Amino acid sequence: MRRSLRSLLLSLALRQRRRLRESEAAFILLATIVGLAAGLLTNVQQALAHGLQQLFYGVTINRLSALGSIHHPWKLLALPIGGLLLILLSRLVRRRSRPLVDVVEANALHGGRIPPADNLVIAAQTIISNGAGASVGLEAAYAQVGGGVASMLGQWLKLRRGDLRTLVGAGAGAAVGAAFGAPLTGAFYAFEIVIGNYTPAAIAPVMGAALAAAFVTRALGVEPYLLVSSAERTVTSVDYLLFALLGLLCAGLGILVMRLVTSTERRVQGWKILDGWRPLVGGLILMPIALMSPQSLSAGHGALHLNLLLHPATTFLVVVLVLKIAASVISLSFGFRGGLFFASLFLGSLVGQIYAQLLALGPLGPMVDVTDAALVGMAALSVAIVGGPMTLSILVLETTRDFGLMGVVLTASLVSSAFTREMFGYSFSTWRLHLRGAGVRGPRDVGWALDLNAGRLMRRDWVPVQADMTIAEFRMRIPLGSTSRAVMVDADGHYGGIVPTAAAYRSDLDQATRIDALATLGDATLQPTSGIEAILDRFDAAGADELAVVDPEGRVVGVVTERYARRRYLEEAETVRREAFRED
């Protein structure tokens, strides 16, 4: 009975997997289910983080950063307490031998596959960090869990690589859309930041997931995230130029913030005395910053609204800007978990207001509206840090419902995006992957190429010769025509170079000459983990037909030929191209 039930379930699962591969409608339905789950989990995470803020600080939802002052400074002990909780959590999972896989990395390198445990750890770390008041946002956790649910479901259904990446992007985008009550923002987030491109076949499932997630948010009674906007305006050509300049300024600040986080994090990690205790120390350092300005706490939802309504003085805004940057850099560098999505929105609004107020000090008086400048700055700075010019432009549209502002918002966003790509080349998430050695510049799928590494491509039937062997011994050992090249090694198997067989049979050679005199490419080797692009670059630089693959100790483990490497690369690229064409 039990065996027949198991067979029935297996048969149903196989039938459903086949249907998902063949039916677009079934895949859209699956994405919609993922969107419903992502929307629910986003609101659960939001409630947990805000519940911690209410427990620690006694404030209502989304109002921690809007506090005028901290009347009871002892409440700021929540920051080191949060750091201590992170330390305890990290010790529970410290047996992990690999870094956590986030949703962008999963789609870029792993075909959408995310280990389920990684979702729980990242979500828990982010909720604790934000709930304690650290200057990080929850959007990274929303996207992680939404994409993680999609990944688990897609892996269980054994979806094709391309379909799984689309489903993961849909889940991540749906989660972000649910957080703001902005389904179009969620859809563009999926395309620009998680999937990496737009395909006709992906539009319907991504939008279905985003709309489903937004529906869950509305059904739970959560109001969409709305911002004030100038009711009437006349946008002139001068406005476009002024806001384009604001986009450049925001791009420069975004690059500075990303580099500050990196340099500070490296310096902090070099302090061995802090090993294992960095979040606790970071929480203690954040306390005086929060005491000077509560607007540096959490992601900044309440502070952004407050400043847009009150239009504080320039000096106040500059102080908050500096403190918020410091708080964000310290939070991330000392081990608090989270993203800079909303923090960059808040920072951008501060830059925009400062920019407008400084322009008003000139002889021509006010040249741009302060609120408009804040909204444009929000999008421009977020584009520099997060990426996705359309995502952030649509976010401003959906949160302000102001079509009149779209032109200048999009202009500043595109300028910021172009400048950041040209001068820096990364978003915050891909920059951190790059620092880990992934070499990823965007969410496009490059994992298939990285899977083609030297360890997979190498031949193991290479012919070794000893470095102290003479020409005569070489000729006895390797007859002419038996192999084109031999790999020279020492007594311990360490690589010394490649010896062309034909070169050892030249008639003018003294047969007593040592073979190492003919060795070439002594400094040109590959590691087993070298990716296909690095392999091809190495072949071009060395001008070689074959390269030895050596382990970290320098011992030869195989040989890769250029012809085979290029053929395998073209075969895999053609396979990916055909899959993409079939999906479209």
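The model is predicted, so local features need pLDDT of at least 70, side-chain atom pairs count only at pLDDT 80 or more, and totals for chains, interfaces and linings use all residues. Residues are numbered from 1 along each chain as its sequence is written, and side-chain values use heavy atoms, leaving out hydrogens and water. Helices (H or I, at least four residues) and strands (E, at least two) are DSSP runs, numbered from the N terminus.

**The sheet**

- Three strands form an open sheet in the order β4-β5-β6, with mixed pairing; two strands pair if DSSP finds at least two bridges between them.
- β4 (525-526) and β6 (556-561) stand at the edges with a single partner strand each, so one side of each has no neighbour in the sheet.
- β4 pairs with β5 (residues 546-550) in the parallel sense, over 2 bridges.
- Leu526 stands opposite Val549 in β5.
- Helix α23 (residues 532-542) packs on the sheet and touches β4, β5 and β6. Its direction makes about 125 degrees with that of β5.

**The cores**

- A nonpolar core is a set of buried Ala, Val, Leu, Ile, Met, Phe, Trp, Tyr and Cys residues joined through side-chain atoms within 4.5 Å. Buried means under 20% relative accessible area (1.4 Å probe, protein chains only).
- The largest core has 124 residues; Tyr57, Phe180, Leu304 and Leu345 touch the most other members.
- Helix α14 (residues 341-360) gives the largest share of this core, 12 residues.
- Leaving aside neighbours within four places in sequence, Leu304 is in contact (heavy atoms within 4.5 Å) with Tyr225, Leu227, Phe342, Leu345, Phe346, Ser349 and Met378.
- A second, separate core of 15 residues includes Leu452, Leu457, Leu526 and Val549.

**The helix pairs**

- Axes are lines fitted to C-alpha atoms, for helices over the stretch in contact, and angles run from 0 to 180 degrees between N-to-C directions.
- Helix α10 (residues 237-269) packs on α14 at about 130 degrees, with the axes 11 Å apart. That angle makes α10 oblique to α14. Angles under 35 degrees count as roughly parallel, over 145 as roughly antiparallel, 65 to 115 as roughly perpendicular and the rest as oblique.
- On the α10 side, the contact residues include Leu242, Leu245 and Cys250; among those of α14 are Val351, Gly352 and Tyr355.
- Helix α7 (residues 161-180) and helix α9 (residues 200-219) pack at about 30 degrees, with axes 8 Å apart. α7 is therefore roughly parallel to α9.
- Their contact includes Ala170 and Ala174 of α7, and Ala209 and Ala213 of α9.

Notes
Buried means under 20% relative accessible area, exposed over 50%, partly exposed in between (1.4 Å probe, protein chains only).
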